[in-house]
Amino acid sequence: QVQLVESGGGLVQPGGSLRLSCAVSGKIFSIHTMGWYRQAPGKERDMVATISSGRTNYVDSVQGRFTISRDNAKNTVSLQMNSLKPEDTDVYYCNAIVSDSSDSPHYRYWGQGTQVTVSS
C-alpha cells in the first residue's frame with residue numbers, strides 16, 4: 001500500500017509564507033505526477049499545482065506566488081507558498097500517481113489534508 005503524509009500547514013498573516021511538504025512511502029516502483037490540490041467545505045477539490053518530468057503547472061490564481069518542487073530520491077513533493085492571501089485559505093491535499101511494479105498501472109493516492117489559514 002502507498003501512504004502520503006503531509007506537513008507544514010498552519011495559520012499565517014496575509015502576505016506571509018508557508019511551506020507544505022508531502023512524503024510518499026510504501027510499495028513504490030515509480031511516481032508519475034505529483035501535485036497539490038485544495039478544497040473548501042462544500043466545494044470541489046481543485047488543482048493548485050502539479051509537477052511531472054520536471055514540468056510544472058499552476059492554477060492562474062497562484063502563478064508567481066507558489067512554487068512546486070519534488071525530490072525523486074526521497075519521494076517527496078513540496079509547495080512553497082509566498083504572498084499568501086485570505087482566499088488561499090483551504091485544506092490542502094497532496095496527490096501522487098504511483099505504480100507499485102513494472103507491469104502494474106499507476107493509481108492516484110491522496111494525503112490526509114493539511115489546513116492552511118490566512119488571516120490577520
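**Disulfide and a strand threonine**

Author: In this predicted model, a disulfide joins Cys 22 to Cys 94, with an S to S distance of 2.1 Å.

Reader: How many disulfides does the rule give?

Author: The cut-off is 2.5 Å between cysteine sulfur atoms. Cys 22 and Cys 94 meet it at 2.1 Å. The count comes to one disulfide.

Reader: Which parts does the pair tie together, and how many residues apart are they in sequence?

Author: Cys 22 lies in strand S3, residues 18-26. Cys 94 lies in strand S9, residues 90-99. The pair therefore ties together parts that are apart in sequence by 72 residues.

Reader: Is the link of Cys 22 and Cys 94 left-handed or right-handed?

Author: Both Cys 22 and Cys 94 are buried. The angle about their S-S bond is -80°. That makes the link left-handed.

Reader: Now to strand S4. Is Thr 33 buried or exposed?

Author: Thr 33 lies in strand S4, residues 30-39. Its relative accessible area is 16%. Buried means under 20%, so the label follows. Thr 33 is buried.

Reader: Which side chain does Thr 33 join in a polar contact of 3.4 Å?

Author: The side chain of Thr 33 also makes a polar contact with the side chain of His 32, at 3.0 Å. The contact of 3.4 Å is with the side chain of Ser 52.

Reader: Leaving aside neighbours within four places in sequence, which residues is Thr 33 in contact with?

Author: Contact means heavy atoms within 4.5 Å. With those neighbours left aside, Thr 33 is in contact with Thr 50, Ile 51, Ser 52, Arg 70, Asn 95, Ala 96 and Ile 97.

Key: Residues are numbered from 1 along each chain as its sequence is written. This is a predicted model: local features need pLDDT of at least 70, side-chain atom pairs count only at pLDDT 80 or more; totals for chains, interfaces and linings use all residues. Side-chain values use heavy atoms; hydrogens and water are left out. Helices (H or I, at least four residues) and strands (E, at least two) are DSSP runs, numbered from the N terminus. Buried means under 20% relative accessible area, exposed over 50%, partly exposed in between (1.4 Å probe, protein chains only). A polar contact is a pair of N or O atoms within 3.5 Å; within protein, one must be able to donate a hydrogen and the other to accept it, and residues adjacent in sequence count only if both atoms are side-chain atoms.
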